[in-house]
Amino acid sequence: SDDGKLSFDEFKAYFADGVLSGEELHELFRTIDTHNTDNLDTEELCDYFSKHLGEYENVLCVLEDLNITILKAMDKTKKDYQEASNLEQFVTRFLLKETLNQLQSLQSSLECAMETTEEQTRQERKDPTKPEVLSVQWPGKRLARRLQRNNSLSSNNPYSSTGWIEEDNEWVIQINRLQKLIDRLEKKDLRLEPFEEEVLKENARSHIMIVQRQMSVIEEKVEEFRLALKQYVESASAQGGCLHVSIQKLPSNFHFIVYEFWENSNAWNSHLQMNYSKAFQRSNVDFLETPELITTMLVPGKY
């Protein structure tokens, strides 16, 4: 609520990682709350996490320096780019793109490590307590999956200790299996753009809006949610701008994914203003464990 402190609900919404149960999160909250105020302030958070930084203290310091360096470079780019020659502008664009690629590569490695540690913990834990699910979507999720080859966690990596490999061999196998799959996909000569320029006729459909809606439903509310979802799909499908609606349910939990195809973004935006759509969104407040995740993408209307 931007009041300079975190209540337990705010703490849970940000720190829940899908592994710790609600009880464990509450215990962690009480541990950090050394002032016993049922709210966490900046000082308490800093005191707790600073004791556990370890090697990440150096990492965070470097990231702070990197952030300052990039901001300085961006500021200079803003001042100099317009006055630069065409060749100098090209070099600037190349350097920006290469910097972004390097950062994305680093991010993908960190994401892979984070997801693997979470999955490993879930497999090791045989705790029947239902974990809290992360309700805050981290930015840039899976923005780039390409791992740098020299950073591969393989048995031939000289920087990997023998003990680590023996203890986490399954982790290494899964990461390398993923890397091999990515290698095969990267060798495919995919062409997503037409070979020839497409000249659109007036009023022609240029793009289709694809919408993915992910919803984690409270177990006790599943039947009510199914009924509301059925009514929503029937109403949405009857709209003139709706091309198709598809529903998937993951077998392992009460997680639903709805795919919607709309003629264009205007049709999708109009659909959001309809009463049936607003009613479905209001009902989800009671039915869902966490806020739904909506992803949209525009694709060419003709291939």
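Asp38 is exposed, with a relative accessible area of 58%, where exposed denotes over 50% relative accessible area, buried under 20% and partly exposed the range in between (1.4 Å probe, protein chains only). Although Asp38 is not a glycine, its phi is positive, at about 60°. Asp38 lies in the loop between helix 2 and strand 2, helices being DSSP runs of H or I with at least four residues and strands runs of E with at least two, numbered from the N terminus. The loop between helix 2 and strand 2 (40-41) also holds Asn36, a residue other than glycine whose phi is positive, near 55°. Asn36 is exposed as well, with a relative accessible area of 64%.

The model is predicted, with local features requiring pLDDT of at least 70 and side-chain atom pairs pLDDT 80 or more, while totals for chains, interfaces and linings use all residues. Residues are numbered from 1 along each chain as its sequence is written, and side-chain values use heavy atoms, with hydrogens and water left out.

Helix 2 (residues 22-32) packs against helix 1 (residues 8-15) at an angle of about 115°, with the axes 10 Å apart; axes are lines fitted to C-alpha atoms, for helices over the stretch in contact, and angles between N-to-C directions run from 0 to 180 degrees. In this contact (heavy atoms within 4.5 Å), helix 1 contributes Phe8, Phe11, Lys12 and Phe15, and helix 2 contributes Gly22, Leu25, His26, Leu28, Phe29 and Ile32. By class, the residues comprise seven nonpolar, two polar and one charged, with Ala, Val, Leu, Ile, Met, Phe, Trp, Tyr, Cys and Pro taken as nonpolar, Asp, Glu, Lys and Arg as charged, and the others, Gly among them, as polar.

The axes of helix 2 and helix 3 (residues 42-50) come within 9 Å and cross at roughly 105°. Helix 2 and helix 3 are therefore roughly perpendicular, a description applied to angles of 65 to 115 degrees, with those under 35 roughly parallel, those over 145 roughly antiparallel and the rest oblique. Here Leu28, Thr31 and Ile32 of helix 2 meet Glu44, Leu45 and Tyr48 of helix 3. Four nonpolar residues, one polar and one charged form this contact.

For the protein as a whole, the secondary structure comprises 10 helices and six strands. Of its 303 residues, 24% are buried. Among contacts between residues at least 6 apart in sequence, 70% join residues at least 24 apart.
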